[in-house]
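Please walk me through this protein. Take it step by step, and point to the residues worth looking at.

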Amino acid sequence: MRLRRPVLAATLAASLVTALAASASPCFAEDSKPIPVNNPPAQQNALIDLLALMSGQCKTLKVAGRTFACKTVAYAHGDTGRVNFAVAVDDPTDANHVVSFSGENGKRADDNSYELPIDRMLLNSKDRPKVDGLPVPAEQASTGVCRQTGNFAARKVNDVTCSATDSEGRRYELLFVSDGTPVSVRRIRQSSPSIQDPFK
(Lines give C-alpha, C1' and ligand atoms only; values in the text may rest on other atoms or scores of the structure.)
Protein backbone atom coordinates (compact mmCIF):
# COMPACT_ATOMS: atom_id res chain seq x y z
CA MET A 1 0.00 0.00 0.00
CA ARG A 2 1.48 3.35 -1.00
CA LEU A 3 0.67 6.42 1.03
CA ARG A 4 1.60 10.03 0.49
CA ARG A 5 4.54 11.26 2.54
CA PRO A 6 2.43 13.56 4.77
CA VAL A 7 0.34 10.58 5.83
CA LEU A 8 3.49 8.60 6.58
CA ALA A 9 4.91 11.47 8.54
CA ALA A 10 1.66 11.61 10.51
CA THR A 11 1.90 7.88 11.16
CA LEU A 12 5.50 8.34 12.32
CA ALA A 13 4.35 11.16 14.57
CA ALA A 14 1.70 8.94 16.12
CA SER A 15 4.31 6.24 16.79
CA LEU A 16 6.62 8.75 18.43
CA VAL A 17 3.84 10.17 20.58
CA THR A 18 2.95 6.65 21.72
CA ALA A 19 6.58 5.95 22.63
CA LEU A 20 6.84 9.26 24.44
CA ALA A 21 3.64 8.71 26.40
CA ALA A 22 5.08 5.52 27.89
CA SER A 23 8.00 7.36 29.46
CA ALA A 24 7.08 11.06 29.57
CA SER A 25 8.51 13.21 32.30
CA PRO A 26 7.17 16.53 33.63
CA CYS A 27 7.69 19.41 31.26
CA PHE A 28 8.30 22.99 32.28
CA ALA A 29 8.65 24.36 28.77
CA GLU A 30 6.74 27.20 27.20
CA ASP A 31 3.16 26.88 26.01
CA SER A 32 2.67 25.51 22.51
CA LYS A 33 1.18 27.71 19.80
CA PRO A 34 0.75 26.85 16.11
CA ILE A 35 3.57 28.09 13.87
CA PRO A 36 2.26 29.70 10.68
CA VAL A 37 3.71 28.24 7.48
CA ASN A 38 3.67 29.59 3.96
CA ASN A 39 4.68 26.58 1.88
CA PRO A 40 2.22 24.18 0.24
CA PRO A 41 3.01 20.53 1.01
CA ALA A 42 4.94 18.58 -1.59
CA GLN A 43 2.79 15.85 -3.08
CA GLN A 44 5.38 13.11 -3.46
CA ASN A 45 4.76 9.47 -2.78
CA ALA A 46 7.13 7.81 -0.35
CA LEU A 47 7.25 4.91 2.06
CA ILE A 48 9.28 4.71 5.24
CA ASP A 49 11.53 1.64 4.89
CA LEU A 50 13.57 2.03 8.10
CA LEU A 51 12.67 3.48 11.50
CA ALA A 52 15.20 3.81 14.34
CA LEU A 53 13.94 4.88 17.77
CA MET A 54 16.48 6.46 20.12
CA SER A 55 16.09 6.74 23.88
CA GLY A 56 17.61 9.62 25.80
CA GLN A 57 17.15 13.27 26.64
CA CYS A 58 16.91 16.53 24.74
CA LYS A 59 19.43 18.88 26.34
CA THR A 60 18.19 21.53 23.90
CA LEU A 61 15.00 21.68 21.85
CA LYS A 62 13.98 25.03 20.40
CA VAL A 63 11.10 25.35 17.96
CA ALA A 64 10.85 28.78 16.33
CA GLY A 65 12.61 30.26 19.34
CA ARG A 66 10.45 28.52 21.97
CA THR A 67 12.05 26.04 24.37
CA PHE A 68 10.58 22.57 24.89
CA ALA A 69 11.56 19.22 26.36
CA CYS A 70 11.40 15.86 24.62
CA LYS A 71 11.94 12.19 25.39
CA THR A 72 12.13 10.38 22.07
CA VAL A 73 13.92 11.02 18.79
CA ALA A 74 13.55 8.83 15.71
CA TYR A 75 15.53 8.47 12.50
CA ALA A 76 13.17 7.65 9.61
CA HIS A 77 14.56 6.69 6.20
CA GLY A 78 12.23 6.81 3.19
CA ASP A 79 12.49 4.63 0.11
CA THR A 80 13.12 7.75 -1.99
CA GLY A 81 16.16 8.64 0.16
CA ARG A 82 14.50 11.34 2.27
CA VAL A 83 15.42 11.21 5.97
CA ASN A 84 13.64 12.73 8.97
CA PHE A 85 14.98 13.23 12.46
CA ALA A 86 11.59 13.34 14.18
CA VAL A 87 11.25 14.67 17.73
CA ALA A 88 8.26 13.86 19.93
CA VAL A 89 7.85 17.07 21.90
CA ASP A 90 7.08 16.72 25.61
CA ASP A 91 4.17 19.16 25.43
CA PRO A 92 1.43 18.72 28.06
CA THR A 93 -0.99 20.81 25.99
CA ASP A 94 -0.58 18.86 22.73
CA ALA A 95 -0.13 15.08 22.46
CA ASN A 96 0.41 15.39 18.68
CA HIS A 97 3.29 17.89 18.86
CA VAL A 98 6.07 16.46 16.67
CA VAL A 99 8.84 18.40 14.93
CA SER A 100 10.97 16.81 12.18
CA PHE A 101 14.22 17.97 10.62
CA SER A 102 13.96 16.65 7.06
CA GLY A 103 16.47 16.35 4.24
CA GLU A 104 18.14 14.27 1.55
CA ASN A 105 21.65 13.25 0.53
CA GLY A 106 22.94 12.48 4.02
CA LYS A 107 26.49 11.16 4.19
CA ARG A 108 28.61 9.07 6.54
CA ALA A 109 32.11 10.38 7.09
CA ASP A 110 32.95 7.12 8.89
CA ASP A 111 31.24 4.48 11.03
CA ASN A 112 30.81 6.97 13.86
CA SER A 113 29.33 10.00 12.15
CA TYR A 114 26.46 10.88 9.82
CA GLU A 115 25.50 14.31 8.47
CA LEU A 116 22.16 15.28 6.89
CA PRO A 117 21.57 18.59 5.08
CA ILE A 118 18.13 19.94 6.07
CA ASP A 119 15.84 21.49 3.46
CA ARG A 120 12.52 21.55 5.32
CA MET A 121 10.93 21.34 8.74
CA LEU A 122 7.82 19.21 9.28
CA LEU A 123 5.59 20.71 11.97
CA ASN A 124 2.81 18.64 13.49
CA SER A 125 0.29 19.56 16.16
CA LYS A 126 -3.27 18.90 17.31
CA ASP A 127 -4.41 21.84 15.16
CA ARG A 128 -3.27 20.31 11.85
CA PRO A 129 -5.81 18.87 9.37
CA LYS A 130 -6.24 15.11 9.63
CA VAL A 131 -6.07 12.32 7.05
CA ASP A 132 -7.31 8.91 8.17
CA GLY A 133 -7.61 10.33 11.69
CA LEU A 134 -3.96 11.42 11.93
CA PRO A 135 -2.72 15.03 11.77
CA VAL A 136 -0.75 15.88 8.63
CA PRO A 137 2.38 17.97 9.29
CA ALA A 138 2.92 21.37 7.72
CA GLU A 139 6.12 21.73 5.69
CA GLN A 140 8.31 24.81 5.98
CA ALA A 141 11.25 25.36 3.61
CA SER A 142 14.43 25.55 5.70
CA THR A 143 18.20 25.29 5.56
CA GLY A 144 20.42 23.61 8.10
CA VAL A 145 22.13 20.39 9.10
CA CYS A 146 21.78 17.45 11.49
CA ARG A 147 24.76 15.47 12.78
CA GLN A 148 24.50 12.06 14.45
CA THR A 149 27.45 10.43 16.19
CA GLY A 150 27.92 6.87 17.39
CA ASN A 151 28.62 3.40 16.05
CA PHE A 152 25.61 2.77 13.85
CA ALA A 153 26.41 -0.85 13.06
CA ALA A 154 26.38 -1.57 16.82
CA ARG A 155 23.08 0.35 17.21
CA LYS A 156 24.81 2.80 19.57
CA VAL A 157 24.06 6.49 19.05
CA ASN A 158 25.83 9.05 21.23
CA ASP A 159 23.99 12.20 20.23
CA VAL A 160 22.07 14.04 17.54
CA THR A 161 22.52 17.77 16.95
CA CYS A 162 20.39 19.74 14.50
CA SER A 163 20.19 23.40 13.59
CA ALA A 164 17.95 24.91 10.93
CA THR A 165 16.46 28.25 9.92
CA ASP A 166 13.20 28.39 7.98
CA SER A 167 12.30 30.75 5.14
CA GLU A 168 10.67 33.12 7.65
CA GLY A 169 13.87 33.38 9.69
CA ARG A 170 12.68 31.16 12.57
CA ARG A 171 15.32 28.93 14.17
CA TYR A 172 15.05 25.28 15.22
CA GLU A 173 17.67 23.57 17.40
CA LEU A 174 18.12 20.10 18.82
CA LEU A 175 20.74 18.54 21.06
CA PHE A 176 19.69 14.99 21.90
CA VAL A 177 21.93 12.80 24.08
CA SER A 178 21.42 9.04 24.24
CA ASP A 179 20.91 7.31 27.57
CA GLY A 180 22.97 4.35 26.31
CA THR A 181 20.03 2.12 25.42
CA PRO A 182 20.64 0.36 22.08
CA VAL A 183 18.80 1.94 19.17
CA SER A 184 15.68 0.03 18.18
CA VAL A 185 15.93 -0.40 14.40
CA ARG A 186 12.95 -1.65 12.40
CA ARG A 187 13.26 -2.38 8.72
CA ILE A 188 9.68 -1.90 7.64
CA ARG A 189 10.03 -3.00 4.05
CA GLN A 190 12.67 -3.95 1.49
CA SER A 191 13.67 -1.25 -0.96
CA SER A 192 16.64 -0.28 -3.08
CA PRO A 193 19.52 0.17 -0.64
CA SER A 194 20.64 3.68 0.18
CA ILE A 195 24.44 3.82 0.18
CA GLN A 196 24.23 6.51 2.85
CA ASP A 197 21.93 4.62 5.25
CA PRO A 198 23.88 4.97 8.53
CA PHE A 199 22.35 1.83 10.03
CA LYS A 200 23.76 -0.52 7.36
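This is a predicted model: local features need pLDDT of at least 70, side-chain atom pairs count only at pLDDT 80 or more; totals for chains, interfaces and linings use all residues.

**A walk through the model**

The protein chain averages a pLDDT of 79. Of its residues, 71% score at least 70. Residues 1-11 also have a pLDDT below 50. That stretch has 33 contacts in the model beyond near neighbours in sequence.

Now turn to strand 4. Is it enclosed or open? Eight of its eight residues are buried, so strand 4 is largely enclosed by the rest of the structure. Its side chains point two ways. Val 83, Phe 85, Val 87 and Val 89 point one way. Asn 84, Ala 86, Ala 88 and Asp 90 point the other way. Both sets are buried.

Which strands pair with strand 4? Strand 3 is one partner: the two run antiparallel over eight bridges. Strand 3 and strand 4 form a hairpin, with four residues between them. In the turn sits Gly 81, with a positive phi of about 100 degrees. Strand 5 is another partner. Six bridges join strand 4 to strand 5, again in the antiparallel sense. Here Asn 84 stands opposite Ser 102 in strand 5.

Stay with the hairpin and look at its rings. Tyr 75 stands opposite Phe 85 in strand 4. The structure holds three aromatic pairs. Tyr 75 and Phe 85 form an aromatic pair that is edge-to-face, with 5.6 Å centre to centre and 65 degrees between the planes. Tyr 75 belongs to strand 3 (residues 69-78) and Phe 85 to strand 4 (residues 83-90), ten residues apart. Both Tyr 75 and Phe 85 are buried.

Tyr 75 has another ring partner. Tyr 75 and Tyr 114 form an edge-to-face pair too, at 5.9 Å centre to centre and 80 degrees between the planes. Why does this pair tie together separate parts of the chain? Tyr 75 lies in strand 3 and Tyr 114 in strand 7 (residues 113-124), so the pair joins parts that are 39 residues apart in sequence. How accessible are the two tyrosines? Tyr 75 has a relative accessible area of 0%, so it is buried. Tyr 114 is at 3% relative accessibility, so it counts as buried. Together, Tyr 75, Phe 85 and Tyr 114 form one aromatic cluster.

Next comes the nonpolar interior. In soluble globular proteins, nonpolar side chains tend to be buried together. The largest nonpolar core here has 31 residues. Met 54, Leu 61, Phe 85, Phe 101 and Leu 174 have the most contacts inside it. Which strands supply this core with at least two residues each? They are strand 1 (48-63), strand 3, strand 4, strand 5 (98-103), strand 7, strand 11 (156-166) and strand 12 (171-178). Strand 1 gives the most, with six residues.

Not counting residues up to four places away in sequence, Leu 61 touches Arg 66, Thr 67, Phe 68, Ala 69, Cys 70, Val 87, Val 89, Glu 173 and Leu 174. There is also a second, separate core of five residues. Ile 48, Leu 51, Leu 53 and Ala 76 are among them.

Ser 142 is found in strand 10 (residues 138-151). Its relative accessible area is 6%, so Ser 142 is buried. The side chain of Ser 142 reaches the backbone oxygen of Gln 140 at 3.0 Å. Beyond four places in sequence, Ser 142 touches Ile 118, Asp 119, Arg 120, Met 121, Thr 165 and Asp 166.

Asn 158 lies in strand 11. Is Asn 158 buried or partly exposed? With a relative accessible area of 46%, Asn 158 is partly exposed. Leaving aside neighbours within four places in sequence, Asn 158 is in contact with Thr 149, Gly 150, Phe 176, Val 177 and Ser 178. The C-alpha atoms of Asn 158 and Gly 180 are separated by 7.5 Å, while the residues are 22 apart along the chain.

Definitions and conventions
Residues are numbered from 1 along each chain as its sequence is written. Side-chain values use heavy atoms; hydrogens and water are left out. pLDDT is the predictor's confidence in each residue, from 0 to 100. Contact means heavy atoms within 4.5 Å. Rings of Phe, Tyr and Trp (its six-membered ring) pair if their centres lie within 6.5 Å; planes under 30 degrees apart count as stacked, over 60 as edge-to-face and the rest as tilted. Buried means under 20% relative accessible area, exposed over 50%, partly exposed in between (1.4 Å probe, protein chains only). A polar contact is a pair of N or O atoms within 3.5 Å; within protein, one must be able to donate a hydrogen and the other to accept it, and residues adjacent in sequence count only if both atoms are side-chain atoms. A nonpolar core is a set of buried Ala, Val, Leu, Ile, Met, Phe, Trp, Tyr and Cys residues joined through side-chain atoms within 4.5 Å. Two strands pair if DSSP finds at least two bridges between them.
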